[in-house]
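This report describes selected parts of one protein model, topic by topic. Please look at the sequence and the structure first.

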Amino acid sequence: MKREEGLDMKCRKIWNEEKFWRWAAVFWGSILIISLIPVIMIAFYNFPCADDLGYSIYTKHAWEETHNLFSVLAAAWRKVSESYFTWQGTWTSIFLMALQPGIWGEKWYWIGTVLLIAALSCSVFFFMNVIFHKTFGSERKIAYIASSIFLLVAIQCMVDKTQGLFWYNGASHYIFPWAAFLTLMGILIKITVEEQKRGRRTAATVLLAVYIGGGNLVTGLECGIWLALAIGLCILFQNREMIKKICIVAGGWAVSYGVNVAAPGNWNRQEAFVDRPGVVRSVLQSFYYCFDFVFEQWTNWGVLIFIFLMFPLAVKAVQGYKGKFNFPCPLLVPVWSYCVLSSMFTPSVYASGNPGAGRIFNTIFLTYLILIVVNLIYLYGWYWMKYGSEKMAEEQDLQICHISGILAAIFCFGIIAGVDTERFTSISAFDSLISGEAQAYRSQEEERLEILYDNTVNDAELKEFSSKPYLLFYEDIETDKDNWKNVRMSGYYGKDSVKLIGK
């Protein structure tokens, strides 16, 4: 008996709930930080290209001529006005595009990657803290674990890593608004569960809504759909105070999004696409593309392990929930999720007849991951309310499930990373750094800059890159000096022309 009691005490000590999840939080946080080191290191070898140059031409010249920040900001608004009437109406995004860090010197371009990672990380940690800690009453370490796992999958498995983290122009147009959208949703949820500082938070949400509405149309439309749902739920549950607040936020979004959509430049841009479907066909095609991309291409082993790792966290959150919400109509949540993801394909399909580029897929993928978490919590919440403590998951089972997920992740990561170095962002960055590919790319870029900053050279001839790191290289100029990328580079560096020549 004493021996059995001793073993029982040892098991209890091993499976101590507080210690296990605290160490899990330390483990996942450490893995996340370590994984970001090569990503940030390789960013130091990056340089602006393509639309980076075209959208920041005025701000670069303003800084070189005046070294005055207000002149730079005025130049950014000049670019916003020009693009609004000639090419696109995404006015808040264009303002940030014009302020790409390279305008203060190419050596500062790496800051863009750091800002993108910071924005994504802060928004995810805030949202998960609101969901797990503020709403369901879980300890903060559970929210930290969920955030770290989410960011690891989001950053390592991003659909287009170059356009998501390293090409500032495209990444800032999609990642920043998406991070703002997630923060906005987190604040709105927080307002419903907390009574303090509601007025201040409402003001913050209005500013975020205005920014999102003036950004890319994909995230802007998604934001409008969620705000409409929030208003509908408030009406259903007769929460008059929240109806007023969300309507104010929705009003700010609607004005900004309306200004965005109504831009004359949008119609000029659409003329470049002749084979465009109408509204009905665009919606139908969006449902098809959602099924094709999300469920056939992106639902791989990585997403399955993500679900496996998140499940015990969702269970812990629900089983510790002390609120009155009973999670009704469970089937509506996955159906709604599918409709939301499908709607994110619609703007691109309607405007151009295709589902879009990698930077668009990045935001859809991020929303997909968030919806997985939401569905896990909601569906298990319905199950919990229906069966209650009769089917309560044991703490030890949840810990075993989480450990199994960790082992599965390590096993799959190790096998795939050893075969396909471009599959994961950190491995690709590490490989480019170790092989010297990133250093060679930077060296060749610096050779170009010597020519581009040489005032005695009016018609620059630049050698083609022999090293093109997967993460850093996006697009290059052409042999035709009249190509749009060549024209933008020549204007950016004050040359009569630039063209590409052989290696």
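## Helices H4 and H23

In this predicted model, helix H4 passes helix H23 in a right-handed crossing. H4 covers residues 57-66 and H23 covers residues 484-493. Their axes come within 9 Å and cross at roughly 15°. Angles under 35 degrees count as roughly parallel, and H4 and H23 are therefore roughly parallel to each other.

Which residues in H4 and H23 meet? From H4 they are Ile-57, Lys-60 and His-61, and from H23 they are Gly-491, Tyr-492 and Tyr-493. Sorted by class, the contact of H4 with H23 has three nonpolar, two polar and one charged residues.

## Ala-62 in helix H4

Helix H4 also holds Ala-62. Is Ala-62 buried or exposed? The relative accessible area of Ala-62 is 11%. Buried means under 20% relative accessible area, so Ala-62 is buried.

When residues up to four places away in sequence are not counted, Ala-62 touches His-67, Ser-71, Val-72 and Ala-75. A separate value concerns Ala-62 and Cys-290, which are 228 residues apart along the chain. The C-alpha atoms of this pair are separated by 43 Å.

## Helices H10 and H13

Helix H10 spans residues 168-193, and helix H13 spans residues 240-261. The axes of H10 and H13 come within 11 Å, and they cross at roughly 165°. An angle over 145 degrees counts as roughly antiparallel. H10 and H13 are therefore roughly antiparallel to each other. The crossing of H10 past H13 is right-handed.

On the H10 side, Leu-184, Leu-188, Ile-191 and Thr-192 take part in the contact. They meet Met-242, Lys-245, Ile-246 and Val-249 in H13. By class, this contact of H10 with H13 has six nonpolar, one polar and one charged residues.

## Helices H12 and H19

Helix H12 is made of residues 217-236, and helix H19 is made of residues 358-387. The axes of H12 and H19 come within 10 Å and cross at roughly 30°. H12 and H19 are therefore roughly parallel to each other.

How do the residues of the contact of H12 with H19 divide by class? They divide into four nonpolar, three polar and one charged. The residues in H12 are Val-218, Thr-219, Glu-222 and Trp-226. Those they meet in H19 are Ile-360, Thr-363, Thr-367 and Leu-371.

## The largest nonpolar core

How many residues does the largest nonpolar core have? It has 145 residues, and Phe-132 and Phe-150 are those with the most contacts inside it. Helix H19 gives the most to this core, with 16 residues.

Leaving aside neighbours within four places in sequence, Phe-132 is in contact with residues from several parts of the numbering. Among them are Gly-137, Ser-138, Ile-142, Ala-143 and Ala-146. Further along the chain, Phe-132 is in contact with Leu-313, Ala-314 and Ala-317, and also with Val-373 and Ile-377.

Most residues other than glycine have a negative phi. Ala-50 is not a glycine, yet its phi is positive, at about 50°. Ala-50 is found in the loop between helix H2 (17-43) and helix H3 (51-55). With 7% relative accessibility, Ala-50 counts as buried.

Cys-329 also has a positive phi, near 45°. The loop that holds Cys-329 is between helix H16 (301-319) and helix H17 (332-343). The relative accessible area of Cys-329 is 48%, so Cys-329 is partly exposed.

Where is Thr-90 found? Thr-90 is in the loop between helix H5 (69-86) and helix H6 (91-97). The relative accessible area of Thr-90 is 6%, so Thr-90 is buried. Apart from neighbours within four places in sequence, Thr-90 is in contact with His-173, Gly-214, Gly-215, Asn-216 and Asn-260.

## Ser-121 in helix H7

Ser-121 lies in helix H7, which covers residues 111-135. Ser-121 has 13% relative accessibility and counts as buried.

How far apart are Ser-121 and Ile-155 in sequence and in space? In sequence, Ser-121 and Ile-155 are 34 residues apart. In space they are 9.8 Å apart, C-alpha to C-alpha.

Methods:
Residues numbered from 1 in each chain as written. Predicted model: local features only at pLDDT ≥ 70, side-chain atom pairs only at ≥ 80, totals over all residues. Heavy atoms only, no water. Axes fitted to C-alpha atoms, helices over the stretch in contact; angles between N-to-C directions. Helix = DSSP H or I, 4+ residues; strand = E, 2+ residues; numbered from the N terminus. Parallel < 35°, antiparallel > 145°, perpendicular 65-115°, else oblique. Left-handed = near helix turned anticlockwise from the far one by under 90°. Contact = heavy atoms within 4.5 Å. Nonpolar A, V, L, I, M, F, W, Y, C, P; charged D, E, K, R; others polar. Buried < 20%, exposed > 50% of the residue type's maximum accessible area, 1.4 Å probe, protein only. Core = buried A, V, L, I, M, F, W, Y, C linked by side-chain atoms within 4.5 Å.
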